[in-house]
Amino acid sequence: MASWSNDLTRLSAQTRGILDRGGGLFIDGEVRQARSSLPVIDPSSNQAISSIAAASAADIDAAVGAARAALDNPAWRDIGPAGREAALHRLADAVAANADVLAELESVDVGMPHWMSRNLDIGGTVDTLRYMAGWPTKIAGQTFDVSVPIPGSEFFGYTRREPVGVIGAIIPWNVPLMLAVWKLAPALAAGCTVVMKPSEEACLSVLELARLAHQAGIPAGVFNVVTGTGREAGEALVAHPGVDKVTFTGSTATGRRIAAKAAETTKKLTLELGGKSPQILFADAELDEAVKGVADAIFLNSGQVCVAGSRLYVERRIHDAVVERLAAHADALPLGAPLAEGTILGPLVSARQHARVRALLDTAIGAGAQVATRQDPVADVGNYLRPTILSSVTNAMEIAREEVFGPVLTVTPFDDLDEAATLANDTDYGLSACIWTSNLSTAHRLARRLTTGKVAVNTPPLPYPALPEGGRKASGYGRDLGEDAVAGFLETKSLLIRLR
(Lines give C-alpha, C1' and ligand atoms only; values in the text may rest on other atoms or scores of the structure.)
Protein backbone atom coordinates (compact mmCIF):
# COMPACT_ATOMS: atom_id res chain seq x y z
CA MET A 1 0.00 0.00 0.00
CA ALA A 2 1.27 3.48 -0.90
CA SER A 3 2.34 5.90 1.80
CA TRP A 4 0.46 9.17 1.41
CA SER A 5 1.66 11.47 4.22
CA ASN A 6 5.34 12.35 4.48
CA ASP A 7 7.16 10.62 7.31
CA LEU A 8 8.84 13.68 8.81
CA THR A 9 10.87 11.53 11.17
CA ARG A 10 12.94 10.58 8.11
CA LEU A 11 14.14 14.15 7.68
CA SER A 12 17.67 15.09 8.62
CA ALA A 13 18.26 16.87 11.92
CA GLN A 14 19.21 20.02 10.00
CA THR A 15 15.96 20.03 8.04
CA ARG A 16 13.91 19.42 11.16
CA GLY A 17 15.73 22.31 12.83
CA ILE A 18 14.77 24.63 9.97
CA LEU A 19 11.14 23.57 10.24
CA ASP A 20 11.16 24.03 14.02
CA ARG A 21 12.65 27.54 13.76
CA GLY A 22 10.34 28.67 11.01
CA GLY A 23 11.28 31.24 8.41
CA GLY A 24 12.01 34.87 9.14
CA LEU A 25 12.80 37.60 6.63
CA PHE A 26 16.38 37.69 5.36
CA ILE A 27 17.35 41.36 5.05
CA ASP A 28 20.82 42.91 4.94
CA GLY A 29 22.55 39.68 5.88
CA GLU A 30 20.45 38.79 8.91
CA VAL A 31 17.19 37.09 9.85
CA ARG A 32 14.47 39.49 10.95
CA GLN A 33 11.03 38.77 12.30
CA ALA A 34 7.81 40.24 10.99
CA ARG A 35 4.73 41.25 12.94
CA SER A 36 2.74 38.25 11.71
CA SER A 37 3.31 34.84 10.19
CA LEU A 38 1.79 32.34 7.77
CA PRO A 39 1.68 28.55 8.13
CA VAL A 40 3.78 26.20 6.01
CA ILE A 41 1.50 23.39 4.83
CA ASP A 42 2.77 19.95 3.84
CA PRO A 43 0.81 19.09 0.65
CA SER A 44 0.92 15.37 1.44
CA SER A 45 -1.14 15.81 4.60
CA ASN A 46 -2.44 19.40 4.52
CA GLN A 47 -0.97 19.79 8.01
CA ALA A 48 1.04 22.81 9.18
CA ILE A 49 4.68 21.82 9.66
CA SER A 50 6.33 25.24 10.10
CA SER A 51 5.74 28.95 9.61
CA ILE A 52 7.08 31.86 7.56
CA ALA A 53 7.08 35.60 8.14
CA ALA A 54 4.38 37.74 6.53
CA ALA A 55 6.21 40.85 5.37
CA SER A 56 4.58 44.27 5.53
CA ALA A 57 5.21 47.29 3.32
CA ALA A 58 7.68 48.52 5.97
CA ASP A 59 9.61 45.25 5.72
CA ILE A 60 9.75 45.60 1.93
CA ASP A 61 11.05 49.14 2.33
CA ALA A 62 13.80 47.90 4.63
CA ALA A 63 14.81 45.19 2.16
CA VAL A 64 14.88 47.56 -0.80
CA GLY A 65 16.89 50.04 1.27
CA ALA A 66 19.42 47.32 2.08
CA ALA A 67 19.69 46.35 -1.59
CA ARG A 68 20.10 50.01 -2.63
CA ALA A 69 22.86 50.55 -0.05
CA ALA A 70 24.62 47.34 -1.09
CA LEU A 71 24.57 48.45 -4.74
CA ASP A 72 26.78 51.43 -3.85
CA ASN A 73 28.85 49.67 -1.20
CA PRO A 74 32.46 49.13 -2.37
CA ALA A 75 32.26 45.59 -1.00
CA TRP A 76 29.96 44.79 -3.94
CA ARG A 77 30.33 47.73 -6.33
CA ASP A 78 34.11 47.34 -6.60
CA ILE A 79 34.37 43.56 -6.36
CA GLY A 80 34.90 43.38 -10.11
CA PRO A 81 34.00 40.68 -12.63
CA ALA A 82 36.40 38.13 -11.17
CA GLY A 83 35.00 38.75 -7.70
CA ARG A 84 31.42 38.19 -8.88
CA GLU A 85 32.50 35.03 -10.68
CA ALA A 86 34.17 33.67 -7.54
CA ALA A 87 31.13 34.54 -5.40
CA LEU A 88 28.78 32.61 -7.70
CA HIS A 89 31.09 29.60 -7.69
CA ARG A 90 31.21 29.67 -3.88
CA LEU A 91 27.40 29.76 -3.78
CA ALA A 92 27.26 26.80 -6.20
CA ASP A 93 29.62 24.89 -3.89
CA ALA A 94 27.42 25.71 -0.90
CA VAL A 95 24.24 24.54 -2.66
CA ALA A 96 25.94 21.30 -3.71
CA ALA A 97 27.20 20.71 -0.17
CA ASN A 98 23.70 21.24 1.26
CA ALA A 99 21.84 19.36 -1.48
CA ASP A 100 20.21 16.83 0.84
CA VAL A 101 18.69 19.48 3.10
CA LEU A 102 17.53 21.66 0.22
CA ALA A 103 15.93 18.68 -1.49
CA GLU A 104 14.07 17.72 1.68
CA LEU A 105 12.78 21.26 2.06
CA GLU A 106 11.49 21.26 -1.53
CA SER A 107 9.75 17.93 -1.07
CA VAL A 108 7.88 18.82 2.13
CA ASP A 109 7.13 22.40 1.06
CA VAL A 110 6.04 21.85 -2.56
CA GLY A 111 5.09 18.17 -2.66
CA MET A 112 7.86 17.50 -5.20
CA PRO A 113 8.95 13.83 -5.31
CA HIS A 114 12.34 13.43 -3.69
CA TRP A 115 13.95 11.96 -6.80
CA MET A 116 13.10 15.17 -8.64
CA SER A 117 14.08 17.59 -5.89
CA ARG A 118 17.41 15.84 -5.24
CA ASN A 119 18.39 15.40 -8.89
CA LEU A 120 16.68 17.72 -11.38
CA ASP A 121 15.99 20.61 -8.99
CA ILE A 122 19.27 20.76 -7.07
CA GLY A 123 21.34 19.63 -10.05
CA GLY A 124 19.79 22.29 -12.29
CA THR A 125 20.31 24.92 -9.61
CA VAL A 126 24.03 24.17 -9.29
CA ASP A 127 24.49 24.01 -13.07
CA THR A 128 22.84 27.42 -13.50
CA LEU A 129 25.03 29.02 -10.85
CA ARG A 130 28.18 27.64 -12.46
CA TYR A 131 27.10 28.70 -15.95
CA MET A 132 26.24 32.23 -14.83
CA ALA A 133 29.54 32.44 -12.93
CA GLY A 134 31.25 32.52 -16.30
CA TRP A 135 29.48 35.67 -17.46
CA PRO A 136 30.88 38.53 -15.34
CA THR A 137 34.23 38.42 -17.16
CA LYS A 138 32.49 38.32 -20.58
CA ILE A 139 30.41 41.50 -20.18
CA ALA A 140 31.82 44.12 -22.53
CA GLY A 141 30.99 47.32 -24.36
CA GLN A 142 32.06 48.47 -27.83
CA THR A 143 34.25 51.21 -29.29
CA PHE A 144 33.32 53.39 -32.27
CA ASP A 145 35.06 55.66 -34.72
CA VAL A 146 32.86 58.76 -34.61
CA SER A 147 32.46 61.18 -37.49
CA VAL A 148 30.83 64.51 -36.59
CA PRO A 149 30.48 67.21 -39.28
CA ILE A 150 32.53 69.79 -37.37
CA PRO A 151 35.68 70.76 -39.29
CA GLY A 152 38.93 70.00 -37.45
CA SER A 153 37.24 67.98 -34.72
CA GLU A 154 37.96 64.48 -33.55
CA PHE A 155 35.75 62.33 -31.37
CA PHE A 156 35.87 58.93 -29.73
CA GLY A 157 32.83 56.89 -28.73
CA TYR A 158 32.33 53.78 -26.67
CA THR A 159 29.68 51.95 -24.67
CA ARG A 160 29.66 50.50 -21.18
CA ARG A 161 27.42 47.74 -19.84
CA GLU A 162 26.29 48.62 -16.32
CA PRO A 163 23.97 46.88 -13.84
CA VAL A 164 20.31 47.88 -13.99
CA GLY A 165 20.33 48.34 -10.21
CA VAL A 166 17.98 46.91 -7.59
CA ILE A 167 15.95 43.96 -8.82
CA GLY A 168 12.59 42.90 -7.44
CA ALA A 169 12.26 39.17 -8.18
CA ILE A 170 8.94 37.38 -7.67
CA ILE A 171 8.84 33.62 -8.16
CA PRO A 172 6.15 30.91 -8.00
CA TRP A 173 5.84 27.85 -5.80
CA ASN A 174 6.35 24.98 -8.26
CA VAL A 175 10.19 24.79 -8.38
CA PRO A 176 11.20 27.57 -5.97
CA LEU A 177 14.91 26.91 -5.52
CA MET A 178 15.70 26.52 -9.21
CA LEU A 179 13.58 29.50 -10.25
CA ALA A 180 15.15 31.62 -7.51
CA VAL A 181 18.57 30.97 -9.03
CA TRP A 182 17.27 31.62 -12.55
CA LYS A 183 16.60 35.17 -11.34
CA LEU A 184 19.43 35.59 -8.85
CA ALA A 185 22.44 34.23 -10.74
CA PRO A 186 22.27 36.45 -13.86
CA ALA A 187 21.39 39.48 -11.73
CA LEU A 188 24.49 38.98 -9.58
CA ALA A 189 26.61 38.23 -12.64
CA ALA A 190 25.60 41.65 -13.98
CA GLY A 191 26.39 43.37 -10.67
CA CYS A 192 22.80 44.01 -9.52
CA THR A 193 21.35 43.50 -6.05
CA VAL A 194 18.16 41.56 -5.41
CA VAL A 195 15.05 41.58 -3.23
CA MET A 196 13.23 38.30 -3.82
CA LYS A 197 9.69 37.39 -2.86
CA PRO A 198 8.90 33.69 -3.22
CA SER A 199 5.32 32.49 -3.24
CA GLU A 200 3.82 32.16 0.21
CA GLU A 201 3.05 28.53 -0.75
CA ALA A 202 6.77 27.58 -0.80
CA CYS A 203 9.54 29.69 0.73
CA LEU A 204 11.78 27.48 2.84
CA SER A 205 14.43 26.54 0.27
CA VAL A 206 14.76 30.14 -0.91
CA LEU A 207 15.33 31.37 2.63
CA GLU A 208 18.00 28.70 3.06
CA LEU A 209 19.56 29.83 -0.23
CA ALA A 210 19.85 33.36 1.15
CA ARG A 211 21.61 32.04 4.26
CA LEU A 212 24.01 30.05 2.10
CA ALA A 213 24.72 33.09 -0.07
CA HIS A 214 25.66 35.13 2.97
CA GLN A 215 27.76 32.24 4.28
CA ALA A 216 29.50 32.09 0.88
CA GLY A 217 30.68 35.67 1.28
CA ILE A 218 28.14 37.54 -0.83
CA PRO A 219 27.96 40.92 0.95
CA ALA A 220 25.04 41.81 3.19
CA GLY A 221 22.17 43.43 1.32
CA VAL A 222 23.08 42.00 -2.07
CA PHE A 223 20.51 39.19 -1.77
CA ASN A 224 17.44 39.73 0.41
CA VAL A 225 14.40 37.45 0.76
CA VAL A 226 11.01 38.71 1.91
CA THR A 227 8.14 36.29 2.39
CA GLY A 228 4.44 37.04 2.55
CA THR A 229 1.37 37.42 0.42
CA GLY A 230 1.29 38.81 -3.06
CA ARG A 231 -1.34 41.34 -2.11
CA GLU A 232 0.79 42.92 0.61
CA ALA A 233 4.46 42.03 0.11
CA GLY A 234 4.39 41.49 -3.64
CA GLU A 235 2.51 44.67 -4.50
CA ALA A 236 4.71 46.73 -2.20
CA LEU A 237 7.82 45.37 -3.93
CA VAL A 238 6.52 46.09 -7.43
CA ALA A 239 5.42 49.60 -6.48
CA HIS A 240 8.56 50.56 -4.55
CA PRO A 241 10.37 53.50 -6.20
CA GLY A 242 13.74 52.06 -5.16
CA VAL A 243 13.30 49.01 -7.40
CA ASP A 244 14.72 49.45 -10.91
CA LYS A 245 13.42 46.25 -12.50
CA VAL A 246 10.90 43.52 -11.70
CA THR A 247 11.40 39.98 -12.95
CA PHE A 248 8.40 37.72 -12.44
CA THR A 249 7.47 34.13 -13.15
CA GLY A 250 3.86 33.17 -12.61
CA SER A 251 0.36 33.40 -14.02
CA THR A 252 -0.55 35.65 -16.92
CA ALA A 253 -3.27 37.36 -14.88
CA THR A 254 -0.81 38.31 -12.14
CA GLY A 255 1.80 39.30 -14.72
CA ARG A 256 -0.60 41.77 -16.30
CA ARG A 257 -1.30 43.35 -12.92
CA ILE A 258 2.44 43.61 -12.25
CA ALA A 259 3.01 45.23 -15.66
CA ALA A 260 0.34 47.84 -14.97
CA LYS A 261 1.71 48.62 -11.51
CA ALA A 262 5.34 48.71 -12.69
CA ALA A 263 4.41 51.14 -15.46
CA GLU A 264 3.51 53.74 -12.84
CA THR A 265 7.20 54.06 -11.95
CA THR A 266 8.55 53.10 -15.40
CA LYS A 267 10.28 49.95 -14.21
CA LYS A 268 11.89 47.49 -16.56
CA LEU A 269 10.19 44.09 -16.69
CA THR A 270 10.82 40.46 -17.48
CA LEU A 271 7.63 38.39 -17.41
CA GLU A 272 7.67 34.60 -17.79
CA LEU A 273 3.97 33.82 -17.65
CA GLY A 274 1.51 31.02 -18.23
CA GLY A 275 1.59 28.34 -20.88
CA LYS A 276 -0.67 25.94 -22.69
CA SER A 277 2.12 24.18 -24.50
CA PRO A 278 1.36 21.84 -27.40
CA GLN A 279 2.93 18.49 -28.18
CA ILE A 280 2.66 17.23 -31.78
CA LEU A 281 3.08 13.49 -32.36
CA PHE A 282 3.52 12.17 -35.90
CA ALA A 283 2.91 8.56 -36.92
CA ASP A 284 6.56 8.12 -37.91
CA ALA A 285 7.80 8.76 -34.37
CA GLU A 286 9.38 5.96 -32.32
CA LEU A 287 6.21 5.35 -30.32
CA ASP A 288 7.70 3.58 -27.29
CA GLU A 289 10.00 6.53 -26.63
CA ALA A 290 7.43 9.12 -27.68
CA VAL A 291 4.70 7.87 -25.35
CA LYS A 292 7.02 8.00 -22.37
CA GLY A 293 8.39 11.39 -23.46
CA VAL A 294 4.92 12.86 -23.95
CA ALA A 295 3.94 11.64 -20.48
CA ASP A 296 7.11 13.03 -18.89
CA ALA A 297 6.50 16.41 -20.55
CA ILE A 298 3.11 16.78 -18.82
CA PHE A 299 3.30 14.71 -15.64
CA LEU A 300 6.65 15.90 -14.23
CA ASN A 301 5.99 17.46 -10.82
CA SER A 302 2.32 16.48 -11.28
CA GLY A 303 1.97 18.89 -14.19
CA GLN A 304 3.05 21.85 -12.08
CA VAL A 305 5.65 23.04 -14.59
CA CYS A 306 5.48 26.22 -16.66
CA VAL A 307 6.38 24.46 -19.92
CA ALA A 308 4.19 21.40 -19.29
CA GLY A 309 3.04 19.93 -22.61
CA SER A 310 -0.64 19.88 -21.73
CA ARG A 311 -2.14 19.67 -25.27
CA LEU A 312 -1.28 16.63 -27.41
CA TYR A 313 -2.08 16.61 -31.12
CA VAL A 314 -1.72 13.13 -32.65
CA GLU A 315 -1.70 12.13 -36.29
CA ARG A 316 -5.18 10.66 -36.78
CA ARG A 317 -4.15 7.16 -37.95
CA ILE A 318 -2.41 6.44 -34.64
CA HIS A 319 -4.73 8.48 -32.37
CA ASP A 320 -6.63 5.60 -30.74
CA ALA A 321 -3.52 3.51 -30.19
CA VAL A 322 -1.65 6.43 -28.64
CA VAL A 323 -4.53 7.25 -26.26
CA GLU A 324 -4.62 3.62 -25.15
CA ARG A 325 -0.85 3.44 -24.60
CA LEU A 326 -0.71 6.80 -22.80
CA ALA A 327 -3.55 5.77 -20.49
CA ALA A 328 -1.79 2.53 -19.58
CA HIS A 329 1.45 4.41 -18.93
CA ALA A 330 -0.27 7.06 -16.81
CA ASP A 331 -2.20 4.50 -14.75
CA ALA A 332 1.06 2.70 -13.93
CA LEU A 333 2.86 5.79 -12.55
CA PRO A 334 3.42 5.36 -8.78
CA LEU A 335 1.77 8.07 -6.67
CA GLY A 336 2.69 8.62 -3.07
CA ALA A 337 4.28 10.76 -0.38
CA PRO A 338 7.08 12.93 -1.78
CA LEU A 339 9.66 11.51 0.65
CA ALA A 340 8.62 7.88 0.09
CA GLU A 341 10.92 5.65 -1.93
CA GLY A 342 9.53 4.85 -5.38
CA THR A 343 7.18 7.83 -5.62
CA ILE A 344 7.08 9.29 -9.13
CA LEU A 345 4.15 11.68 -8.70
CA GLY A 346 3.38 13.54 -5.50
CA PRO A 347 0.43 15.74 -4.50
CA LEU A 348 -0.54 19.11 -5.88
CA VAL A 349 0.80 22.01 -3.85
CA SER A 350 -2.41 22.99 -2.04
CA ALA A 351 -6.03 22.11 -1.46
CA ARG A 352 -6.97 25.23 -3.45
CA GLN A 353 -4.96 24.08 -6.47
CA HIS A 354 -6.42 20.58 -6.18
CA ALA A 355 -9.96 21.98 -6.17
CA ARG A 356 -9.20 24.19 -9.18
CA VAL A 357 -7.85 21.33 -11.28
CA ARG A 358 -10.71 19.07 -10.24
CA ALA A 359 -13.23 21.75 -11.29
CA LEU A 360 -11.60 22.13 -14.71
CA LEU A 361 -11.73 18.37 -15.17
CA ASP A 362 -15.41 18.19 -14.22
CA THR A 363 -16.24 21.00 -16.65
CA ALA A 364 -14.35 19.25 -19.46
CA ILE A 365 -16.13 15.95 -18.85
CA GLY A 366 -19.43 17.80 -18.85
CA ALA A 367 -18.51 19.35 -22.20
CA GLY A 368 -17.91 15.94 -23.79
CA ALA A 369 -14.29 15.07 -23.06
CA GLN A 370 -13.69 11.35 -22.53
CA VAL A 371 -11.50 10.13 -19.67
CA ALA A 372 -9.15 7.34 -20.75
CA THR A 373 -7.44 6.82 -17.38
CA ARG A 374 -8.49 5.59 -13.95
CA GLN A 375 -10.81 7.94 -12.07
CA ASP A 376 -11.01 6.33 -8.63
CA PRO A 377 -9.97 8.50 -5.67
CA VAL A 378 -6.34 8.30 -4.60
CA ALA A 379 -6.24 9.04 -0.88
CA ASP A 380 -8.28 10.63 1.86
CA VAL A 381 -5.36 12.86 2.89
CA GLY A 382 -3.29 15.38 0.95
CA ASN A 383 -3.86 16.90 -2.46
CA TYR A 384 -3.43 13.87 -4.68
CA LEU A 385 -4.83 13.61 -8.20
CA ARG A 386 -4.27 10.78 -10.64
CA PRO A 387 -2.65 11.61 -13.98
CA THR A 388 -5.51 12.07 -16.43
CA ILE A 389 -5.76 11.58 -20.21
CA LEU A 390 -8.72 13.27 -21.91
CA SER A 391 -9.71 12.45 -25.49
CA SER A 392 -12.51 13.89 -27.68
CA VAL A 393 -11.20 17.37 -26.82
CA THR A 394 -11.55 20.34 -29.16
CA ASN A 395 -9.68 23.62 -29.04
CA ALA A 396 -12.93 25.37 -28.15
CA MET A 397 -13.11 23.66 -24.75
CA GLU A 398 -11.93 25.49 -21.64
CA ILE A 399 -9.62 22.57 -20.73
CA ALA A 400 -7.73 23.15 -24.01
CA ARG A 401 -7.47 26.91 -23.57
CA GLU A 402 -6.80 27.53 -19.88
CA GLU A 403 -3.58 26.65 -18.06
CA VAL A 404 -4.46 23.79 -15.72
CA PHE A 405 -1.12 23.39 -13.90
CA GLY A 406 -1.97 19.84 -12.97
CA PRO A 407 -1.50 16.28 -14.31
CA VAL A 408 -4.00 16.57 -17.16
CA LEU A 409 -3.29 15.90 -20.85
CA THR A 410 -5.82 16.57 -23.62
CA VAL A 411 -5.57 14.61 -26.89
CA THR A 412 -6.84 15.79 -30.30
CA PRO A 413 -6.24 14.26 -33.75
CA PHE A 414 -4.81 16.01 -36.83
CA ASP A 415 -4.41 14.99 -40.47
CA ASP A 416 -1.35 16.84 -41.76
CA LEU A 417 1.42 19.24 -40.79
CA ASP A 418 -0.56 22.34 -41.75
CA GLU A 419 -3.46 21.36 -39.50
CA ALA A 420 -1.06 20.46 -36.67
CA ALA A 421 0.53 23.92 -36.85
CA THR A 422 -2.85 25.63 -36.91
CA LEU A 423 -4.13 23.68 -33.92
CA ALA A 424 -0.91 24.17 -31.93
CA ASN A 425 -0.89 27.95 -32.53
CA ASP A 426 -4.60 28.33 -31.72
CA THR A 427 -3.96 29.58 -28.18
CA ASP A 428 -3.36 32.82 -26.34
CA TYR A 429 -0.06 31.42 -25.05
CA GLY A 430 3.34 30.85 -26.64
CA LEU A 431 5.77 29.39 -24.13
CA SER A 432 6.95 25.98 -25.34
CA ALA A 433 6.21 23.10 -27.70
CA CYS A 434 7.32 19.50 -28.32
CA ILE A 435 7.53 17.73 -31.68
CA TRP A 436 7.76 13.94 -31.90
CA THR A 437 8.88 12.62 -35.29
CA SER A 438 11.67 10.63 -36.94
CA ASN A 439 11.65 12.96 -39.95
CA LEU A 440 14.17 15.78 -39.65
CA SER A 441 12.47 17.78 -42.39
CA THR A 442 9.13 17.59 -40.58
CA ALA A 443 10.73 18.75 -37.34
CA HIS A 444 12.40 21.80 -38.93
CA ARG A 445 9.38 22.79 -41.03
CA LEU A 446 6.99 22.65 -38.10
CA ALA A 447 9.35 24.17 -35.52
CA ARG A 448 9.70 27.43 -37.42
CA ARG A 449 5.92 27.75 -37.74
CA LEU A 450 5.22 27.43 -34.01
CA THR A 451 4.76 30.77 -32.21
CA THR A 452 6.53 29.71 -29.03
CA GLY A 453 9.68 30.75 -27.23
CA LYS A 454 11.01 27.20 -27.20
CA VAL A 455 10.63 24.03 -29.25
CA ALA A 456 11.87 20.61 -28.14
CA VAL A 457 12.17 17.74 -30.64
CA ASN A 458 11.91 14.13 -29.46
CA THR A 459 12.45 15.19 -25.86
CA PRO A 460 10.53 16.93 -23.09
CA PRO A 461 11.47 20.65 -22.92
CA LEU A 462 14.14 20.30 -20.25
CA PRO A 463 15.94 23.52 -19.24
CA TYR A 464 19.62 24.04 -19.96
CA PRO A 465 21.48 27.04 -18.50
CA ALA A 466 22.76 28.33 -21.85
CA LEU A 467 19.39 28.12 -23.63
CA PRO A 468 17.04 31.06 -22.97
CA GLU A 469 13.61 30.34 -21.45
CA GLY A 470 10.65 32.60 -22.10
CA GLY A 471 7.52 33.09 -24.11
CA ARG A 472 5.55 34.97 -26.68
CA LYS A 473 1.99 36.32 -26.71
CA ALA A 474 0.32 35.88 -23.31
CA SER A 475 3.31 33.87 -22.08
CA GLY A 476 5.23 37.10 -21.49
CA TYR A 477 8.43 38.73 -22.66
CA GLY A 478 12.09 38.79 -21.73
CA ARG A 479 14.12 35.68 -21.04
CA ASP A 480 15.53 33.65 -18.16
CA LEU A 481 18.76 31.69 -18.63
CA GLY A 482 21.42 32.09 -21.28
CA GLU A 483 23.15 35.25 -22.40
CA ASP A 484 19.72 36.87 -22.85
CA ALA A 485 19.10 36.68 -19.10
CA VAL A 486 22.34 38.46 -18.25
CA ALA A 487 21.63 41.13 -20.86
CA GLY A 488 18.26 41.74 -19.21
CA PHE A 489 20.03 42.93 -16.05
CA LEU A 490 22.36 45.33 -17.89
CA GLU A 491 22.00 48.89 -19.12
CA THR A 492 24.00 50.23 -22.08
CA LYS A 493 25.60 53.63 -21.52
CA SER A 494 26.99 55.54 -24.51
CA LEU A 495 30.00 57.83 -24.06
CA LEU A 496 31.08 60.48 -26.58
CA ILE A 497 34.43 62.17 -25.97
CA ARG A 498 35.81 65.11 -27.95
CA LEU A 499 39.53 64.71 -28.46
CA ARG A 500 40.05 68.00 -30.37
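Among contacts (heavy atoms within 4.5 Å) in the protein chain between residues at least 6 apart in sequence, 74% join residues at least 24 apart. The chain you are looking at is a predicted model, in which local features need pLDDT of at least 70 and side-chain atom pairs count only at pLDDT 80 or more, while totals for chains, interfaces and linings use all residues. Residues are numbered from 1 along each chain as its sequence is written, and side-chain values use heavy atoms, with hydrogens and water left out.

**Overall build**

- The protein chain contains 17 helices and 22 strands, taken as DSSP runs numbered from the N terminus (helices are H or I with at least four residues, strands are E with at least two).
- With a radius of gyration of 24 Å, close to the 23 Å that the globule rule gives for 500 residues, the protein chain is as compact as a globular protein of that length; the radius is taken over C-alpha atoms, and the rule is 2.2 Å times the number of residues to the power 0.38.
- The C-alpha trace spans about 75 × 60 × 40 Å along its principal axes.

**Surface and charge**

- Of the 500 residues in the protein chain, 56% are buried (buried means under 20% relative accessible area, exposed over 50%, and partly exposed in between, with a 1.4 Å probe and protein chains only).
- The accessible surface comes to about 19,900 Å², and carbon and sulfur atoms hold 51% of it; the areas come from the Shrake-Rupley method with a 1.4 Å probe, and for residues only the protein chains shown count as cover.
- There are 46 positive and 55 negative side chains, and the centres of the two sets lie 6 Å apart.
- In that count Lys and Arg are positive and Asp and Glu negative, with His and the chain ends not counted; each charge is placed at NZ of Lys, CZ of Arg, CG of Asp or CD of Glu.

**Nonpolar cores**

- The largest nonpolar core has 72 residues, of which Leu 91, Val 194, Met 196, Leu 209 and Phe 223 touch the most other members (a core is a set of buried Ala, Val, Leu, Ile, Met, Phe, Trp, Tyr and Cys residues joined through side-chain atoms within 4.5 Å).
- Helix α7 (residues 176–190) supplies the largest share of this core, 12 residues.
- Leaving out residues up to four places away in sequence, Leu 91 touches Leu 129, Leu 184, Leu 209, Leu 212, Ala 213, Ala 216 and Ile 218.
- A second, separate core of 36 residues includes Val 294, Val 322, Ala 337 and Leu 345.

- Ile 60 sits in helix α2 (residues 57–72) and is buried at 0% relative accessibility.
- Beyond its neighbours within four places in sequence, Ile 60 is in contact with Ala 55, Val 226, Ala 233, Ala 236 and Leu 237; Ala 236 is 176 residues away in sequence but 6.6 Å away in space, C-alpha to C-alpha.
- Val 40, in strand β3 (residues 36–42), is buried too, with a relative accessible area of 4%.
- Residues up to four places away aside, the contacts of Val 40 include Gln 47, Ile 49, Ile 52, Asp 109 and Leu 204.

**Positive phi angles**

- Asn 458, a residue other than glycine, has a positive phi near 60°; Asn 458 lies in the loop between β19 (454–457) and β20 (472–473) and is partly exposed at 42% relative accessible area.
- Lys 473, in strand β20, is not a glycine either, yet has a positive phi of about 55°, and at 42% relative accessibility Lys 473 is partly exposed.
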